[in-house]
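My comments are below as numbered points, for you to read alongside the structure.

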Amino acid sequence: MRNLLNFLLKYNSFIVFLILEGIALYWLTSGNSYHNSRMVKGMQGVTRGMEERLSNVRSYLNLREINSKLASENNALRNSIERFTSQENLKFISVKDTLFRQQYQYTSARVINNSVNKQKNFFTLDKGRAQGIKIDMAVTNGKDVAGVIVGCTDNFSIAISLLNLDFRLSARLKSNGYFGSLSWDGRNYRHAVLNEIPQHINVSIGDTIETTGYSAIFPEGMLIGTVSDLKKSGSDFYKITIELFTDFKKLQYVNIIGNMKRTEQLELENQLQ
Amino acid sequence: MINSILRFGVIIIILILFQVLVLNHIQFSGYVNPYVYIMIVLLLPSLTPSWLVLVISFLSGLVIDLFCGSPGMHASATLLAGFSRPYVLRLISPSDGYESGSNLSMAVYGVRWFFIYTLLIVLIHHTALFFLEVFRFADFFRTILRILLSSFFTIGFILLIEYYGKRR
C-alpha cells in the first residue's frame with residue numbers, strides 16, 4: 001500500500017496526464033458528427049450566443065451584396081411564376097393538390113459559425129428541429145451545393161460542409177450525364193475532386209458539374225462547379241479538379257432543402273437488399 | 001501570490017478570446033492558421049506544480065475545442081504540450097539554472113532561450129494537433145508542410161506579443 005502511494009506521488013503528473021489525455025482522445029474518437037450536434041446543445045448558452053452576435057455584425061457588412069443577390073433571385077422567381085400562371089390559363093386546368101406532386105420543400109437559414117481551413121469543416125445554422133430542420137436535409141447557397149445537415153437541436157443545426165474529407169456526393173457532367181463521386185482532397189477551399197469518370201468520355205475544361213439526385217438528399221441538377229483541371233492518371237479514370245461555385249469563405253445565407261419522398265424512396269431501395 | 005494568479009487569469013482569458021474571436025477568423029491562404037493560445041502553456045511561472053500545468057492546459061484546450069467545434073483535438077494536443085513542458089525546460093535549462101519564482105519570459109532569459117523554448121513547445125503542439133485533425137498518415141508530407149507553415153506563423157506571433165507586450 002505504501003509502495004503504491006509512493007508510486008502515485010512520484011508519478012502524479014504522469015497519471016493526471018494519462019487520465020486527461022484519455023478523456024480527450026475518447027471524445028475525439030467517439031464519432032465526430034454526433035459530438036458536434038451534442039456540443040451545440042451544450043454550448044448554446046455561451047459560445048453560440050457570442051458567435052451569433054459576431055455574425056450579426058459581419059452580416060451587416062455584406063448587406064449590399066446579399067441585397068443584389070436577393071433581387072436577382074426574386075426576378076428569376078417572378079419570371080417562373082409568370083410562366084406558370086400563363087400556362088395554367090392556357091390549359092384551363094388548375095391542380096390544387098400540390099401536396100401530391102411536391103417533392104422538395106425549401107427554407108432558408110443563416111450561417112452563424114463556419115470554417116474553411118480545417119480538414120473536416122462543419123458549419124452551424126440558426127434554425128433547428130423547432131423550425132422543421134431534420135438530419136439529412138440538403139444545404140445549398142442559392143442553386144449551389146454547400147453541405148448536408150448532420151445534427152440538429154431545437155434551435156440550431158450543424159451541417160457537414162462540402163469541404164470535409166468525409167463528404168461524398170454523387171455528381172455528374174451536365175453535358176453528357178456521366179456520373180462519378182465528388183469529394184474534397186483537403187487542399188484548397190475553392191476546389192474539389194470528381195472521381196470515377198472513365199477516360200473514354202469527352203471532358204473539357206469549363207464543363208459544368210451538377211448533382212444527380214441518386215442519394216435522395218439533393219434534388220437533381222443543383223450546381224456544383226466547373227471543371228478547372230483535367231489529368232489522365234495511370235488508372236482508367238480521370239483525375240478531375242472542379243472549381244466550386246460556392247465560396248465557403250463568404251457563406252452567409254443558405255437554403256435548406258427537404259425531400260418529402262426520401263423515406264419512401266429509401267424504403268423501396270431497402271426492400272431489395 | 002494572489003496578484004500573480006489574477007494576472008495569469010487575465011492573460012489566459014485575453015489569449016483565448018484573441019484566438020477564438022480574431023485568429024480563428026483570419027485564414028492566410030486557407031492553409032495556415034496560427035494557434036497562439038499555446039502561449040498559455042509557455043508563460044506559466046516555473047514554480048507552477050506540474051499537475052496544475054496539465055489541468056490548465058487541458059481546460060484551455062477544451063475551451064478552444066468548444067469554440068472550434070472540434071471534439072477533443074485541441075485539448076489533447078495542448079495537454080501533450082503541457083506534459084512535455086518540464087522536460088523541455090530541463091533540456092534547455094540555462095547554465096546557472098532557473099531563478100525560483102521567476103516568469104519564463106524573454107526579458108529574464110534572453111531572446112535566444114525564449115525562441116528555442118517556443119519552437120520546441122509549438123512544434124510538439126502543432127504536430128499533435130494536425131495529425132489528430134487529419135487522423136490518417138496518408139498525405140504525410142502535406143501534413144508536415146501544414147505543421148511547419150502554421151508553426152512559423154504561431155512562433156512569429158508569440159515572439160511579437162512577447163516582445164511588445166513587456167510594457168503591460
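Predicted model: local features only at pLDDT ≥ 70, side-chain atom pairs only at ≥ 80, totals over all residues.

1. Helices α1(B), residues 2–22, and α3(B), residues 50–68, pack at an angle of about 25°. An angle under 35 degrees counts as roughly parallel, and α1(B) and α3(B) are therefore roughly parallel to each other. Their axes lie 10 Å apart, and α1(B) passes α3(B) in a right-handed crossing.

2. Which residues bring α1(B) and α3(B) together? From α1(B) come B:I12, B:I16, B:Q19 and B:V20, and these meet B:S60, B:V63, B:I64 and B:F67 of α3(B). By class, this contact of α1(B) with α3(B) has 6 nonpolar and 2 polar residues, with no charged ones.

3. Next, please look at α3(B) with α4(B). The axes of these two helices come within 7 Å and cross at roughly 155°. That angle makes α3(B) roughly antiparallel to α4(B), since the cut-off for this class is over 145 degrees. The crossing of α3(B) past α4(B) is right-handed.

4. The contact of α3(B) with α4(B) divides into 13 nonpolar, 7 polar and 2 charged residues.

5. Now to the meeting of the two chains. How many residues does each chain bring to the contact? Chain B brings 20 residues and chain A brings 24. On the chain B side, α3, α4 (73–91) and α6 (111–134) each supply at least two residues. Of the elements of chain B, α3(B) gives the most to the side that touches chain A, with 6 residues. That side of chain B is made up of 12 nonpolar, 7 polar and 1 charged residues.

6. A word on confidence. For the model as a whole, ipTM is 0.75 and pTM is 0.64. Chain B averages a pLDDT of 85, and 95% of its residues score at least 70. Among the elements of chain B, α4(B) has the highest mean pLDDT, 91, while helix α5 of chain B, residues 106–109, has the lowest, 82.

7. For chain A the mean pLDDT is 81, and 84% of the residues reach 70 or more. Where among the elements of chain A is the mean pLDDT lowest? Helix α5 of chain A, residues 98–101, holds that place with 57, whereas strand β9 of chain A, residues 208–211, has the highest mean, 92. Please also treat residues 87–95 of chain A with care: their pLDDT is below 50, and beyond near neighbours in sequence this stretch has 1 contact in the model.

8. As for the make-up of chain A, it has 6 helices and 12 strands. Of its 273 residues, 31% count as buried. Among contacts in chain A with a separation of 6 or more, 60% join residues 24 or more positions apart. A:S175 lies in the loop between β6 (169–173) and β7 (179–183) of chain A, and counts as partly exposed with 14 C-beta neighbours inside 10 Å.

9. Finally, two backbone angles deserve a glance. Most residues other than glycine have a negative phi. A:D136 has a positive phi of about 75° although it is not a glycine, and A:E196, also not a glycine, has a positive phi of about 65°. A:D136 sits in the loop between β2 (120–125) and β3 (138–141) of chain A, and A:E196 in the loop between β8 (191–195) and β9 of chain A. Are these two buried, partly exposed or exposed? A:D136 is partly exposed, with 14 other C-beta atoms within 10 Å; A:E196 is partly exposed, with 15.

Definitions and conventions. Residues numbered from 1 in each chain as written. Chains lettered and ligands numbered in written order. Axes fitted to C-alpha atoms, helices over the stretch in contact; angles between N-to-C directions. Helix = DSSP H or I, 4+ residues; strand = E, 2+ residues; numbered from the N terminus. Parallel < 35°, antiparallel > 145°, perpendicular 65-115°, else oblique. Left-handed = near helix turned anticlockwise from the far one by under 90°. Contact = placed C-beta atoms within 7 Å. Nonpolar A, V, L, I, M, F, W, Y, C, P; charged D, E, K, R; others polar. pLDDT = per-residue confidence, 0-100. Buried ≥ 20, exposed ≤ 12 C-beta atoms within 10 Å, placed from the backbone.
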